[in-house]
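Here is a short note to read alongside the structure. Take the points in order, with the picture open beside you.

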Amino acid sequence: METPLGATDGQLIIKKKEDGSREVIPYGADKFALALGKEPRTIVVLDADSKEIGATKGEFKDKMFYIQPVMGAISYLIQF
């Protein structure tokens with residue numbers, strides 16, 4: 001599924017934060033992406049308690065920024 005905000009092969013929640021960052025919560029998705037105007041500074045991987053468990057990378061492809069999934073991740077904090 002693709003929308004103007006993102007793309008996924010499952011379900012995807014994109015929460016825009018006041019500071020301009022975004023929290024991405026994939027559910028049942030192996031691939032997911034966001035429509036971004038620029039590359040993020042960092043992508044922080046969060047667990048079920050919203051604690052940082054690492055970082056990941058992504059890449060632009062077909063005008064979307066695809067995030068590399070991490071085992072055990074519940075969400076991803078995209079920071080600019």
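The points below go through the sheets, the core and the charged residues.

1. A word on the model before anything else. What you are looking at is a predicted model, and residues are counted from 1 along the chain.

2. Let us start with the five-stranded sheet. Which order do its strands take? Reading across, the order is S2-S3-S9-S5-S6, in an open sheet with antiparallel pairing. Strand S2 (11-16) and strand S6 (52-55) are the edge strands, and each of them pairs on one side only. On average, neighbouring strands of this sheet are turned by 25° against each other, direction ignored.

3. Now for the pairings within that sheet. Strand S3 (residues 22-27) runs antiparallel to S9 and pairs with it over three bridges; here Glu 23 stands opposite Leu 77 of S9. On S9 there is also the pairing with S5, where five bridges join the two antiparallel strands. Leu 77 turns up here too, as the bridge partner of Val 44. Further across, strand S5 (residues 42-46) is joined to S6 by three bridges, again antiparallel, and Leu 46 has Glu 52 in S6 as its bridge partner.

4. Is S9 enclosed or open to the outside? Four of its five residues are buried, so S9 is largely enclosed by the rest of the structure. Ser 75, which lies in strand S9 (residues 75-79), is buried, with a relative accessible area of 2%. Leaving aside neighbours within four places in sequence, Ser 75 is in contact with Glu 23, Val 24, Ile 25, Val 44, Val 45 and Leu 46.

5. S1 and S4 run antiparallel and are joined by three bridges, with Gly 6 opposite Leu 34 in S4. S4 then pairs with S8 over two bridges, in the antiparallel sense, and Leu 34 has Phe 65 in S8 as its bridge partner. Between S7 and S8 there are four bridges, also antiparallel; one of the paired residues is Lys 61, whose bridge partner in S8 is Met 64.

6. Please look at the turn between S7 and S8 as well. The hairpin has two residues between its strands, and Asp 62 takes a positive phi near 55° there.

7. Next comes the nonpolar interior. In soluble globular proteins, nonpolar side chains tend to be buried together. Here the largest nonpolar core has twelve residues: Val 24, Ala 29, Phe 32, Leu 34, Leu 36, Ile 43, Val 45, Phe 65, Ile 67, Ala 73, Tyr 76 and Ile 78. Strand S4 (32-34), S5, strand S8 (64-67) and S9 each supply at least two residues of this core.

8. Finally, the charged residues. How many salt bridges does the structure hold? There are two, and they link Lys 15, Lys 17 and Glu 23 in a network. The side chain of Glu 23 meets that of Lys 15 at 3.9 Å, N to O, and that of Lys 17 at 3.4 Å, N to O.

9. Glu 23 is buried, with a relative accessible area of 10%. Lys 15 is partly exposed, at 39%, and Lys 17 is partly exposed, at 33%. Glu 23 also has a polar contact with Ser 75, side chain to side chain, at 2.7 Å.

Key
Predicted model: local features only at pLDDT ≥ 70, side-chain atom pairs only at ≥ 80, totals over all residues. Heavy atoms only, no water. Salt bridge = Lys/Arg side-chain N within 4 Å of Asp/Glu carboxyl O. Buried < 20%, exposed > 50% of the residue type's maximum accessible area, 1.4 Å probe, protein only. Polar contact = N/O pair within 3.5 Å; in protein donor to acceptor, adjacent residues only side chain to side chain. Contact = heavy atoms within 4.5 Å. Pairing = 2+ DSSP bridges. Axes fitted to C-alpha atoms, helices over the stretch in contact; angles between N-to-C directions. Core = buried A, V, L, I, M, F, W, Y, C linked by side-chain atoms within 4.5 Å.
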